[in-house]
Amino acid sequence: MEFAQAGILESVPAHGRYLFFSVTAQATPAVLGFSLQRLAALADGQAVVVGLGATLVQTLEARVPGLRSMPDFSGHGVHVPSTPLALWCWLRGTAQGELVLQARAIEKALAPAFHLDRVLDGFRHGEPAAEHGRDLTGFEDGTENPEGAEAVAAALQEDGSSFVAIQQWVHNLDAFDALGTDGQNNAMGRRMSDNEELDDAPISAHVKRTAQESFSPEAFVLRRSMPWAVGHQCGLFFVAFGATLDAFEAQMRRMAGQEDGVVDATFSFSKPVTGAYLWCPPVLQGKLDLRQLGL
């Protein structure tokens, strides 16, 4: 779509850098607006995808229908936290060094209204034959993503804007290895070797927990997740774009066992440690269109 941030619809890049910002204590709505306008000049929506949180929108005395904070989905023996943030930038590129310098420029443009709280680097993993890239467990990620016009309908609103749900998942690969081949395949509901869905997968299998057609209404999202690794820790930075936040929320509630008490088997080797909802504005003439915010 012409007015959408192009990076939403494109495949995951070779390298990604996620920037997480909070609002500083001295930032007034006027200062925030000025800083966001400077960011808009740097963010084309393709090399840099931007999302704004509900608290930031409220501070700007603006309104984005459908934007809200992510609920805490914890329960049934699993912890699924809500960790709202003001501003999120996803830098996309082919070389990590370029993203480091780009992140530095964005941080300077947003100061002093925003503080860069955290940086996380992601990367594409797996051989080129894996169309959507692979998780560090070896399974292909995003197999059930809609494509073409269906991807546009799932991810974007009519004006080109989008909502995004983000979560950082931390893997326990020792626990994953201990499952063995059959246990791993049953946990995901697919064979790792050929990515084929298992007809006899248990009800807790990830594929069954998140089957987008099985919800009413159907719960389609556009996944753009990337693996990450810091020291001895690693996992998946989950990113799901949607025309609304409802589809992700329906899937997450079922994964966490809130629908029928059955918890997604991925919780046996992975856990989310962050979770936030954001609004991704459209673009106009090659930069972020912030008119919805009165800017």
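Modeller: Here is the model, and it is a predicted one.

Biologist: What is the volume of the largest pocket?

Modeller: A pocket is an open set of points, and its volume is the space filled by probe spheres. For the largest pocket, that comes to about 650 Å³.

Biologist: Which residues of its lining are the closest to the centre of the largest pocket?

Modeller: The lining holds 32 residues. The closest to the centre are Asp 141, Met 188, His 206, Thr 210 and Arg 223.

Biologist: Which element gives the largest share of the lining of the largest pocket?

Modeller: β5 (162-171), α8 (206-209), β8 (233-242) and α9 (246-255) each supply at least two residues. The largest share is four residues, and it comes from α9.

Biologist: How many residues of that pocket lining are charged?

Modeller: Set aside the 12 nonpolar and 12 polar residues of the lining. The charged ones number eight.

Biologist: Now the cavities. How much space lies in the largest cavity?

Modeller: The structure holds three cavities of 30 Å³ or more. The space in the largest cavity is about 60 Å³.

Biologist: Which elements give two or more residues to the lining of the largest cavity?

Modeller: This cavity is lined by 13 residues. Nearest its centre lie Ala 54, Ser 69, Pro 84, Leu 85 and Tyr 277. The elements that give two or more are α3 (54-59) and β10 (276-280).

Biologist: How many residues of the lining of the largest cavity are charged?

Modeller: Six are nonpolar and six are polar. The charged count is one.

Terms used
Residues numbered from 1 in each chain as written. Predicted model: local features only at pLDDT ≥ 70, side-chain atom pairs only at ≥ 80, totals over all residues. Heavy atoms only, no water. 1 Å grid on protein atoms, 1.4 Å probe; cavity = no way out; pocket = protein on both sides within 12 Å on 5 of 7 lines; lining within 4 Å. Nonpolar A, V, L, I, M, F, W, Y, C, P; charged D, E, K, R; others polar.
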